[in-house]
Amino acid sequence: MSNQPVETVTTSSDKIKVALAIFAVVAGIVGFYVLSGQPTIVRAAALVGGLVAAIALAWTSTSGREFIGFSKEAVRETKKVVWPTRKEALQITGIVFAFVLVMAIFLWGTDKLLEFVLYDLILGWK
């Protein structure tokens, strides 16, 4: 089995499509704010229209299709996660709180010890 690096070749048309998709998102956001005097439905339509146009443009590019494939794979992997039960979550949370409390007391004690050593013993301030 060889582990040779894979080179991704992006054509100029794909780069243009991605740039246009970014421009469509920006245009939708700008349109949302420029139409501030209009009814909310018109503003929302401008924003959603920009996002839909961006998704359509990105879908047609190679990198957009790869991103969508990556997103689908991420969702599939998330479904495989075994979430803790309520009892386990409460136990883990309790352990974390106990550890934080112990560390806070330890750091407070260390701070007071260093304060005593530096100010009272070494510098003689009281």
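This is a predicted model: local features need pLDDT of at least 70, side-chain atom pairs count only at pLDDT 80 or more; totals for chains, interfaces and linings use all residues.
Let me start in helix 4 (residues 86-122), where Glu115 and Lys112 both lie, three residues apart, about one turn of the helix; helices here are DSSP runs of H or I, at least four residues, numbered from the N terminus. Residues are numbered from 1 along each chain as its sequence is written, and side-chain values use heavy atoms, with hydrogens and water left out.

Glu115 forms a salt bridge with Lys112, with 3.3 Å between the closest N and O atoms, where the term stands for a side-chain nitrogen of Lys or Arg within 4 Å of a carboxyl oxygen of Asp or Glu. Glu115 is partly exposed because its relative accessible area is 35%, given that buried means under 20%, exposed over 50% and partly exposed in between, with a 1.4 Å probe and protein chains only.

How many salt bridges does a search of the whole structure find? It finds three. In helix 3, Glu73 and Arg76 lie three residues apart, and their side chains meet at 2.4 Å, N to O. The side chains of Lys80 and Glu77 meet in another salt bridge, at 3.2 Å, N to O; Lys80 counts as exposed because its relative accessible area is 54%.

Finally, Ser61 sits in the loop between helix 2 (40-60) and helix 3 (62-79), and it counts as buried because its relative accessibility is 0%. Beyond its neighbours within four places in sequence, Ser61 is in contact (heavy atoms within 4.5 Å) with Asp14, Lys17 and Val18.

Methods
Helices (H or I, at least four residues) and strands (E, at least two) are DSSP runs, numbered from the N terminus.
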